[in-house]
Amino acid sequence: MQQHIMIKAMLGGLLGTLGQILFVYGVAPLLASPSLDLAVLRGLPCTPGLLLHIVTGSVLFPLGYLAMLPHDMPGSPVLRGLLWAGLLWGVTESLMAP
C-alpha cells in the first residue's frame, strides 16, 4: 500500500474525528442538553476516552478502511466512505444499545 494514501486516509480520519468532537462538545450543548457525551453526563474524567476516540478515528478506522474496501464495496470513494461509516455506526450501536 502506498504511503501517501495511508497518510491521506489518516488525515481525513483525524479531521473527521476532530469535527465530530467539535460538534459533541461545542455545538450540541447549544442545541440540546448540557452535553451528549456519556462520560460528561456521568461526571467521569473523559481524557482517556477522548484520547482513545482520537486514536481510533485517526489511525485504526482509516487503516481498516484501506485494508478492506478496494475489493469489497462498489462505487465511488465517497460512497465507499459512507458505507464504511454506516458499517462502523451499525456495529457500534449494536454493541452500545443492549
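Predicted model: local features only at pLDDT ≥ 70, side-chain atom pairs only at ≥ 80, totals over all residues.

Mentor: Confidence is not even along the chain. Helix α4 (residues 77–96) has the highest mean, at 84. Helix α2 (residues 38–42) has the lowest, at 59. Keep that in mind when you look at α2.

The chain has four helices and zero strands. Read along the sequence, the pattern is α-α-α-α. There are 98 residues, and 19% of them count as buried. The accessible surface of the chain is about 7,100 Å². Carbon and sulfur atoms hold 74% of that surface. Take the contacts with a separation of 6 or more: 52% of them join residues 24 or more positions apart.

Begin with the aromatic rings. The count of aromatic pairs comes to one. That pair is Tyr65 with Trp84, and its geometry is tilted. The ring centres are 6.4 Å apart, with 55° between the planes. Why call it tilted? An angle under 30 degrees would count as stacked and one over 60 as edge-to-face, so the rest, in between, is tilted. Tyr65 sits in helix α3 (residues 47–72) and Trp84 in helix α4, so the pair ties together parts 19 residues apart in sequence. Both Tyr65 and Trp84 are buried.

Met73 lies in the loop between α3 and α4. Is Met73 buried or exposed? Its relative accessible area is 18%, so Met73 is buried, as the cut-off for buried is under 20%. Which residues does Met73 touch, leaving out those up to four places away in sequence? They are Met68, Arg80 and Leu83. Take Leu83 from that list. Met73 and Leu83 are 10 residues apart in sequence, and their C-alpha atoms are 8.2 Å apart in space.

Leu14 is in helix α1. Leu14 touches Ile54, Gly57 and Ser58, not counting residues up to four places away in sequence. The C-alpha atoms of Leu14 and Val55 are separated by 8.4 Å, though the two are 41 residues apart along the chain. Leu14 has 29% relative accessibility, so it counts as partly exposed.

Leu11 also has its place in helix α1. Its C-alpha atom is 8.8 Å from that of Val59, 48 residues apart along the chain. Leu11 counts as partly exposed as well, because its relative accessibility is 46%.

Finish at the surface of the model. Phe23, Val27, Leu30 and Leu31 form a nonpolar patch there. Together they have about 450 Å² of accessible area. Leu31 counts as exposed, because its relative accessibility is 69% and the cut-off for exposed is over 50%.

On α1, look at Leu14 with its contacts to Ile54, Gly57 and Ser58.

Key. Residues numbered from 1 in each chain as written. Heavy atoms only, no water. Helix = DSSP H or I, 4+ residues; strand = E, 2+ residues; numbered from the N terminus. Buried < 20%, exposed > 50% of the residue type's maximum accessible area, 1.4 Å probe, protein only. Contact = heavy atoms within 4.5 Å. Areas by Shrake-Rupley, 256 points an atom, 1.4 Å probe, with all protein chains shown as cover. Patch = residues over 30% accessible without salt bridge, like charges linked within 9 Å, V, L, I, M, F, W, Y side chains within 5 Å. Salt bridge = Lys/Arg side-chain N within 4 Å of Asp/Glu carboxyl O. pLDDT = per-residue confidence, 0-100. Phe/Tyr/Trp six-rings, centres within 6.5 Å; stacked < 30°, edge-to-face > 60°.
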